[in-house]
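Here are my notes on the model, point by point. Please read them with the structure open.

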Amino acid sequence: MSYITAGKDANGHDVKLHYTDQGQGNPVVLIHGWPASHEMWEYQLAELPKHGNRVIAYTRRGFGNSSKTWEGNEYDTLADDLKAVLDELDLQDVTLVGFSMGGGEVARYMSRHGGARVGRVAFVAAVTPFLLKTDDNPDGAPKENFDKMIEGLRKDRFDFLSTFGKQFFGVGTLSHPVSQATLDWMQAMCQIASPRATEQDVYAFAATDFRQDLQSIKVPTLVIHGSNDETVPAKVSGQRMTQYLPHAQYIEYDGAPHGLFVTEKDRLNQDLLNFIGVQSKVGTAGNRSF
């Protein structure tokens with residue numbers, strides 16, 4: 001396994017971030033959602049490098065095979081961890097792609113570190129601009145929604161993840177956009193996360209206000225969201241992004257759930273390639289790569 005060192009924890013131990021680095025060309029950094037790991041990007045890691053891209057995906061602290069720190073589960077530290085990835089690999093003119101919680105890392109990095117090394121950013125089903133309903137954010141989600149998540153995690157984390165996974169991919173009585181095998185894959189990925197990080201990061205993505213962070217972003221920006229996202233509803237997130245990023249391109253996938261990196265994988269891959277500046281059709285270059 002490959003690891004990047006992102007400082008030290010409170011006990012003086014190195015914080016190690018597990019990552020994969022595939023292909024050569026335009027640098028693309030994929031930032032995963034909660035409570036998964038960088039392995040959620042399976043279909044993007046299999047396709048994007050075929051089109052002249054160097055694709056790096058890493059796992060944030062507390063999840064997957066990265067260090068399980070007790071502290072640091074807030075966005076300033078997570079943005080600093082992203083900086084460590086870009087610095088250690090000496091990446092320039094990077095495309096940052098943040099999914100769900102990962103969109104918060106993109107926004108906070110761009111403001112906290114001045115967008116260093118970054119050429120463009122993409123927010124995919126992201127938690128930005130601000131999820132929590134407050135007096136000055138009436139379109140957000142009620143605090144009770146997140147309290148119920150914490151309650152479910154504390155009562156039976158594994159059962160919570162099973163139910164969450166179905167909502168995540170839009171699975172219902174009459175809707176089966178993914179297989180049981182895919183649900184099992186996601187469950188296994190999520191359950192190896194630290195219980196501490198899993199809980200603390202709910203507070204982080206729910207209560208962090210990214211509205212000022214977003215206004216610091218001047219590079220080309222893509223926003224993608226599913227119209228049937230029940231985990232991070234488009235009306236709370238994606239549809240509001242251009243209020244703070246008027247230059248952003250917004251694409252809404254009709255009928256797509258939160259987990260569109262699987263359910264809409266070909267369309268997402270093509271939209272990302274177009275945004276990066278690659279015009280090849282998904283599947284075309286792949287046929288020549290064997």
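The points below go from the sheet to the helices, then to single residues.

1. Basis. This is a predicted model, in which local features need pLDDT of at least 70 and side-chain atom pairs count only at pLDDT 80 or more, while totals for chains, interfaces and linings use all residues. Residues are numbered from 1 along each chain as its sequence is written, and side-chain values use heavy atoms, with hydrogens and water left out.

2. The sheet. Eight strands form an open sheet with mixed pairing, in the order S1-S2-S4-S3-S5-S6-S7-S8. At the edges are strand S1 (2-8) and strand S8 (249-253), each of which pairs on one side only. From one strand to the next the twist averages 20°. Helices (H or I, at least four residues) and strands (E, at least two) are DSSP runs, numbered from the N terminus; two strands pair if DSSP finds at least two bridges between them.

3. Strands S2 and S4. Strand S2 (residues 14-22) and strand S4 (residues 53-58) run antiparallel and are joined by four bridges. Tyr19 stands opposite Tyr58 in S4.

4. His18. This residue is in strand S2. His18 has a relative accessible area of 8% and is therefore buried (buried means under 20% relative accessible area, exposed over 50%, partly exposed in between, with a 1.4 Å probe and protein chains only). Not counting residues up to four places away in sequence, His18 touches Met1, Ser2, Tyr3, His38, Ala57, Tyr58, Thr59, Asn65 and Ser66; contact means heavy atoms within 4.5 Å.

5. Helix H2 on the sheet. Helix H2 (residues 75-88) lies across S1, S2, strand S3 (26-31), S4, strand S5 (94-99) and strand S6 (118-124). H2 runs at about 125° to S1. Axes are lines fitted to C-alpha atoms, for helices over the stretch in contact, and angles run from 0 to 180 degrees between N-to-C directions.

6. Helices H2 and H3. How are H2 and helix H3 (residues 101-112) packed? Their axes are 8 Å apart, at an angle of about 80°. H2 and H3 are therefore roughly perpendicular to each other (under 35 degrees counts as roughly parallel, over 145 as roughly antiparallel, 65 to 115 as roughly perpendicular and the rest as oblique). Among the H2 residues that meet H3 are Tyr75, Leu78, Leu82 and Leu86; the H3 side includes Met101, Arg108 and Arg112.

7. Arg120. Arg120 lies in strand S6. Its relative accessibility is 17%, so Arg120 counts as buried. The side chain of Arg120 makes a polar contact with the side chain of Thr95 (3.0 Å); such a contact is a pair of N or O atoms within 3.5 Å, and within protein one must be able to donate a hydrogen and the other to accept it, with residues adjacent in sequence counting only if both atoms are side-chain atoms. Leaving aside neighbours within four places in sequence, Arg120 is also in contact with residues including Asp93, Val219, Pro220 and Phe275.

8. Backbone points to check. Most residues other than glycine have a negative phi, and most peptide bonds are trans. A cis peptide bond joins Trp34 and Pro35, with omega about -5°; Pro35 is in the loop between S3 and helix H1 (42-47). Thr128 and Pro129 are also joined by a cis peptide bond, with omega about 10°. Asp90, in the loop between H2 and S5, has a positive phi of about 50° although it is not a glycine.
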